[in-house]
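Student: I have a structure to go through for class. Can we take it piece by piece?
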Amino acid sequence: MRLTGKTAVITGAARGLGRATAVACAAEGADLVLLDVCADLPGVPYPLGSPGQLDHTAALCRAAGSAVLTAAADIRDTASVREAVAAAHDRFGRIDVVVNNAGIAAPSGKRVHEISEEEWALMIDVDLSGAWRMIREAGRVMCDQRSGSIVNIASTAGLVGYRHFAGYVAAKHGVIGLTKATALDYAPLKVRVNAVCPGSVRDDTSAEGRMLAEIARALDVPVGEHEQAFTEAQPMNALIEPEDVAAAVVYLASDDARQVTGSVLTVDGGFTAR
């Protein structure tokens with residue numbers, strides 16, 4: 001129960017890695033504030049998390065004994081983020097962990113000169129600036145507390161390039177830069193900031209994940225064949241499970257990692273070791 005007595009705020013919690021992380025944090029004793037946009041976004045070519053999916057994540061966490069607050073929050077909007085952070089603090093009196101998980105994988109699948117201004121702006125706004133907005137609002141609370149752990153979900157795309165994913169790669173590289181800079185800003189105040197870089201994560205049905213399928217779609221890899229294609233690129237010959245990433249987040253959120261800040265933890269089966 002490494003997170004007993006702690007309150008964790010998780011964005012993109014309706015499904016996928018967000019749900020897996022929420023369930024793992026609940027199992028470790030955390031109380032939870034679960035945020036998701038709970039709506040589709042213009043320009044994103046696939047459905048995003050729904051209110052029903054967020055409620056299901058909350059039910060799983062309550063079954064593990066956690067007190068849970070849910071809210072629809074759009075990380076593109078400063079007022080929405082500020083309201084969510086204020087509600088978290090009002091309910092629990094403190095914020096010990098922030099997991100910046102919310103993100104989009106598309107619009108992608110184009111050469112860099114084919115990306116429109118609107119597509120570029122949307123990707124950066126969600127995947128990079130959204131994390132910054134959450135840090136800006138929750139960071140104030142953590143700095144006042146003189147304690148806290150921020151975990152940013154980046155990607156192997158934050159470490160290497162991928163063809164036809166310039167916006168996503170740029171945003172995730174930015175997340176790692178944001179992680180390192182914020183870690184130095186907050187280190188004197190005992191607030192830690194780290195990043196996790198998942199590799200190809202299997203779309204587990206219990207978590208209702210669909211990110212890998214959408215990446216495949218953007219690359220014109222037929223859905224139904226994509227898992228094998230991604231597996232063949234993995235040195236350990238297996239896709240990453242959502243629980244593998246969640247375990248890394250729990251470690252960084254916990255006091256076991258009390259001297260870990262500014263670090264980038266890869267959970268990629270050796271993909272970026274080559």
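Student: Is Cys-61 buried or exposed?
Tutor: Cys-61 is buried, because its relative accessibility is 0%. Buried means under 20% relative accessible area, exposed over 50%, and partly exposed in between, with a 1.4 Å probe and protein chains only. The model is predicted, so local features need pLDDT of at least 70 and side-chain atom pairs pLDDT 80 or more, while totals for chains, interfaces and linings use all residues. Residues are numbered from 1 along each chain as its sequence is written, and side-chain values use heavy atoms, leaving out hydrogens and water.

Student: How many disulfides are there?
Tutor: The count is zero, where a disulfide is a pair of cysteine sulfur atoms within 2.5 Å. For Cys-61, the nearest cysteine sulfur belongs to Cys-25, 8.2 Å away.

Student: New topic. At what angle do H4 and H5 pack?
Tutor: About 15°, with the axes 8 Å apart. H4 covers residues 117–145 and H5 residues 166–186. Helices are DSSP runs (H or I, at least four residues), numbered from the N terminus. Axes are lines fitted to C-alpha atoms over the stretch in contact, and angles run from 0 to 180 degrees between N-to-C directions.

Student: What does that make H4 relative to H5?
Tutor: Roughly parallel, the word for angles under 35 degrees.

How values were computed. Helix = DSSP H or I, 4+ residues; strand = E, 2+ residues; numbered from the N terminus. Parallel < 35°, antiparallel > 145°, perpendicular 65-115°, else oblique.
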